[in-house]
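Student: I have just opened this entry and would like to go through it step by step. Could we begin with a charged pair?

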Amino acid sequence: MKIIVITTVVWLCCTISLTSQTLNSIKGKVVEATSEKPLKGVLVKIKNTIIFGETNFNGEFKIENIPIGNHVIQLIYEGFNSQNLPITISEKKSLNLGIIYLEESITMLHNESIVLLTDDDLQDDTDRSSDYIAGLFQSSKDAYLKAAAYNFSQAWFKVRGYDSSYGSILINGVEMNKLFDGRPQWSNWGGLNDVFKNQEFSNGLDANTNAFGGILATTNFSTRASEYQKGGKVSFASTNKSYTGRVMATYATGLTKNNWAFVASGSRRFANEGYIDATSYNAWSAFLAAEKKLSSHHSLNLTAFAAFNRRGKSSPNTQEVYNLKGFKYNSYWGNQDGDIRNSRKKEIFEPVIMFTHFYDSKKTQLKTTVSYQFGHIGNSRLGYFNAPNPDPTYWKYLPSSYVRFIDDLDYEGAYLAEQNFIENGQINWGELYKTNIDNVNSLYYLYEDRVDDTQFSFNSTLSKNINENLLLNAGISYKNITSDNYAKMLDLLGGNGFVDLDQYAVGEAQQNDLNNVDRLIGKNDKFQYHYKINASVAGIFAQVQGFQKKIDYFVGINLKNTNYQRDGLYKNGTYPSNSFGKGEKQSFSDFGVKGGLTYKFTGRHLVNVNAAYISNAPTIRNTFSNARVNNNITPNLTSEKIVTGDLSYIFRAQKLQTRFTAFYTKFTDAVETSFFFAEGLRGDQADFVNEIMTGVAKKNLGAELSLEYKVTPSIKLLGAGSFGQYTYDNNPQLYLESESFTDENSDFGTAYLKDYRISGTPQRAYSVGFEYQDPEFWWFQINANFLTNNYLDISPLLRTNNFYLDSDGTPFIDAETGVEVTQEQVNSLLKQEKFDDAFLVNVVGGKSWKINEYYLGFFAGINNVLGETFKTGGFEQSRNANYQELKEDKQLKKPVFGPKYWYGNKTSYYVNVYVRF
């Protein structure tokens, strides 16, 4: 830690007679104490006056027309310790304060390491995990965004209700969001916290020098070796979340005499069983960066990192299952020869190599990066063919199925099923092996949905100081990916082989590959489906930022072209004419423009307004209606359009910092897809279906509050709040694709979704906190959080005409009333479930010591101190796809096909001990 001596230097400077002719002015440059990076937006204020200034993009400031006499300069910047510098102004004199160093507050330094974003929040391949956005905001200094990252996130809170695909994650300027679904894969750099802390963060639509960015936030991680502080760090963490232990070590050489700099880091995370039953965790990570400074202007930097992660997944369950087995129950596992074996594991290994050239001069910075990423993502699961379902929570095995029909109540069967489920209720691996051995070929098997990607990326960004008040940012980017997708046989479970057939089809349609009929599959063979996606994205952006005494502004523009093409490697029996070979190439041209203005009434009172229009190409996931088996394209496919804006009032003072923001966003022409099993289709059909909604419109509006009040130098009060309303804003079109509708996507007409709430996040969240920082380097923080207006994810299929119209097109006859079903009855049955409110208390604190040249410290966090049970998400099952079936099911005391839920963790902890040297 640097020792700050600037106050003494300034005091001495004030006694020197200066000769400049500038009238009563001061100037200087403010940098971060450790990295010496310029800090933009630091408030520089003359205490007890209305005279103020603000640092520009170079960290420089200049204030003129200062009254003669003795003054105190206040430097205020969120997340940093404020400074008060005494100065003396003489008539017609200019004072150069030189470089001023600001240090991050002790809590921010600890927050960098805490990273309560553990892989607990990145567990599986469901929407909920990918939507997790806390990592975007963990570097923010804003009280509200810190609350979103560290407090609200345990309830899957989404800032402004936005999916994580609307945020941009970059490493050395290269965007890391996946082309498949637009979301960042955090596990690619998981466990490398210490080396992914140098970052530039822009909230919402704010300008970012590295990219046009998304509407949620933009974060660029820099891995330039010379920017890391010289020294090392070793830490050990213990927790009861997704993993139970973590060991991490990092060392940086700093810039050596021969102009080299090196950084290395590694970590290991592990758990035999995490918070949820049978969720094992095995992860290791490694990082290396090397930089050679070729001259005062040119540097070359090599970055390589890899993170292997293999973890057991957990199941969503109906309330009936939770009531019988508890909230840690997981249906994906069973005992095999005394060992826990989870059938569903996710494995990620996608190493990245980057080569970056830096050009730096006083007015120009040019950064060019070439990146190559390769590796795989695999998700395992049990498969079966013409055999009983191995899932222990399959509806026929649960007590509710025995009392499903009023005229056939089997209470004895229900009791026996209940007792069996309580005592066992897990996958019976021994029975699966026995069945396969008796049958010779496998009826049960363990396989993996596999994605092998290779991606080349190029990015170059320019920052040019046109003058001291005007900054130009521009960049070009290109990304090319080949994605190999297939099912891989992992374990035949005692059988000799598996015949590659589709059990839900008949005749020739059963063949998964007509080019290899009745193929016998062995371990590690590819089967079921196999195709490649070739995709490319090229983009260019430009942005101008202006800085004046009263007004700051920016304007940015973005152009992008996206191309996708499917290449089928299997000739599917259900789709023999359009599954094998290359499909039609899909191309999208998109445009975005945004701008913002900040008006400074005084140094304390500011108003900020931002607005944008953006079009986004559909993702690979949304472009192809069922890429596993055919080349079909989603009907009426077009780019999504976004119109958004926000208005903020900001107050900045040494003791009080607050922000109030109102926002509005309208999404149109969006596409949503899902995959599930449904009954009651077009009367009495049942099948696995791919559900596609097109032309989806959504509306997100609300307000945010951020507040920090420093009662004393050691005591701070914190406040944060989000008041949102996120709804569907139209009635989109719904299509289903399955083996029952082979000619084309079956149009199920309008899905009546208007005014239903968007799921996946509490729409309102509030937090109050108390923070204490002791001069002896220990601190703690307590937060009380209230989260409400969280809703169940609705089934669009249940809100089409298919739901209440019989196969002849007339409304169903209600079994109780004997008359046609009315719209009022439908609306009542389909009322969206609102989850109970959650009140969560979190505590975090730490202490550090300096022992000779070493720093020893620890910190600990406890989430949900009161141990409250709360739902974090869930979804309606679409299995009962018509009115009569759903009504009968809902009338049961224990619905057979009730919603499936996820619950948040009860009390959990995180403890970290570290040594820095």
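This is a predicted model: local features need pLDDT of at least 70, side-chain atom pairs count only at pLDDT 80 or more; totals for chains, interfaces and linings use all residues.

Student: Is R450 buried or exposed?

Tutor: R450 counts as buried, because its relative accessibility is 13%, under the 20% limit for that class.

Student: Which residue forms a salt bridge with D729?

Tutor: The partner of D729 is K666, with 3.0 Å between the closest N and O atoms. D729 lies in the loop between β35 (715-728) and β36 (733-738), whereas K666 is in strand β33 (residues 656-681), so the pair ties together parts that are 63 residues apart in sequence.

Student: And how accessible are D729 and K666?

Tutor: D729 has a relative accessibility of 15% and therefore counts as buried. K666, at 23%, counts as partly exposed.

Student: How many salt bridges are found in the whole structure?

Tutor: The search finds 33. One of them links R224 with E291, the closest N and O atoms being 3.0 Å apart. R224 sits in the loop between β11 (217-221) and β12 (231-239), and E291 belongs to strand β15 (residues 281-293); this pair links distant parts of the chain, 67 residues apart.

Student: Are R224 and E291 buried or exposed?

Tutor: Both R224 and E291 are buried.

Student: Where is Y649?

Tutor: Y649 is in strand β32 (residues 640-652). Its relative accessibility is 35%, so Y649 counts as partly exposed. The C-alpha atoms of Y649 and Y599 are separated by 9.8 Å, although these residues are 50 apart along the chain.

Student: Finally, what about the protein as a whole?

Tutor: The secondary structure comes to eleven helices and 44 strands. The C-alpha trace spans about 100 × 60 × 50 Å along its principal axes, and 57% of the 917 residues count as buried.

Note on methods: Residues are numbered from 1 along each chain as its sequence is written. Side-chain values use heavy atoms; hydrogens and water are left out. Helices (H or I, at least four residues) and strands (E, at least two) are DSSP runs, numbered from the N terminus. Buried means under 20% relative accessible area, exposed over 50%, partly exposed in between (1.4 Å probe, protein chains only). A salt bridge is a side-chain nitrogen of Lys or Arg within 4 Å of a carboxyl oxygen of Asp or Glu.
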